[in-house]
Amino acid sequence: MTATLINGMDHIEFDAIIAGKYTLKVQNAKKRGIHFDLSIAQFRNAYRRKHCAYTGAVLTFERGDLPQGQLPRNYATLERVDANKGYTIDNVVVISHEANSIKAVFENPAPGSNMNVDAAIRMFAKIAEMKNK
């Protein structure tokens with residue numbers, strides 16, 4: 001019996017998707033001047049995660065009927081925990097596209113904005129505190 005991975009894919013389907021994602025990620029990192037030091041085996045193992053490392057949401061590789069360039073909120077993406085460091089085994093996790101997009105807003109604030117990751121943490125802690133009163 002063949003083990004199923006994300007969304008019930010067998011290992012051949014999974015490996016085909018991973019090979020494509022790996023190639024694109026290596027090319028993208030090189031183009032952006034970001035250090036990339038993950039073997040395809042490490043990359044594959046990271047993507048075996050079925051839940052977002054940040055939110056716990058169930059991950060998918062299915063794009064559905066969305067227009068080109070758009071991804072579902074729970075689409076699996078490889079994230080650098082520290083955006084100032086490269087793609088290394090100790091600096092990557094697989095998370096949802098939605099979580100990655102939200103984190104990017106705070107890591108790359110608009111010009112003149114004071115909203116960074118630390119400010120966002122303080123803000124969300126305050127929101128939680130106020131809701132629990």
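In the predicted model, strands β2 and β4 run antiparallel and are joined by 5 bridges, with E79 of β2 having V93 as its bridge partner in β4. Strand β2 is mostly covered, in that 5 of its 5 residues are buried. A76, L78 and R80 point one way from this strand, whereas T77 and E79 point the other way, and the residues of both sets are buried.

The largest nonpolar core comprises 20 residues, of which F36, L38, F43, Y47, F61, L78 and Y87 touch the most other members. At least two residues of this core are supplied by each of α1 (11-32), β2 (76-80) and β4 (92-96), and α1 gives the most, with 4 residues. When residues up to four places away in sequence are not counted, L38 touches Y22, F43, L78, Y87, T88, I89 and V92. In soluble globular proteins, nonpolar side chains tend to be buried together.

The largest pocket holds about 750 Å³ of space, and among the 28 residues that line this pocket, K25, R32, L78, Y87 and N100 are the closest to its centre. Two or more lining residues come from each of α1, β2 and α3 (97-107), the largest share, 9 residues, being that of α1. By residue class, the lining of the largest pocket divides into 11 nonpolar, 7 polar and 10 charged residues.

Conventions: Residues numbered from 1 in each chain as written. Predicted model: local features only at pLDDT ≥ 70, side-chain atom pairs only at ≥ 80, totals over all residues. Heavy atoms only, no water. Core = buried A, V, L, I, M, F, W, Y, C linked by side-chain atoms within 4.5 Å. Buried < 20%, exposed > 50% of the residue type's maximum accessible area, 1.4 Å probe, protein only. Contact = heavy atoms within 4.5 Å. 1 Å grid on protein atoms, 1.4 Å probe; cavity = no way out; pocket = protein on both sides within 12 Å on 5 of 7 lines; lining within 4 Å. Points joined across faces, edges and corners; volume = space filled by probe spheres on them. Nonpolar A, V, L, I, M, F, W, Y, C, P; charged D, E, K, R; others polar. Pairing = 2+ DSSP bridges.
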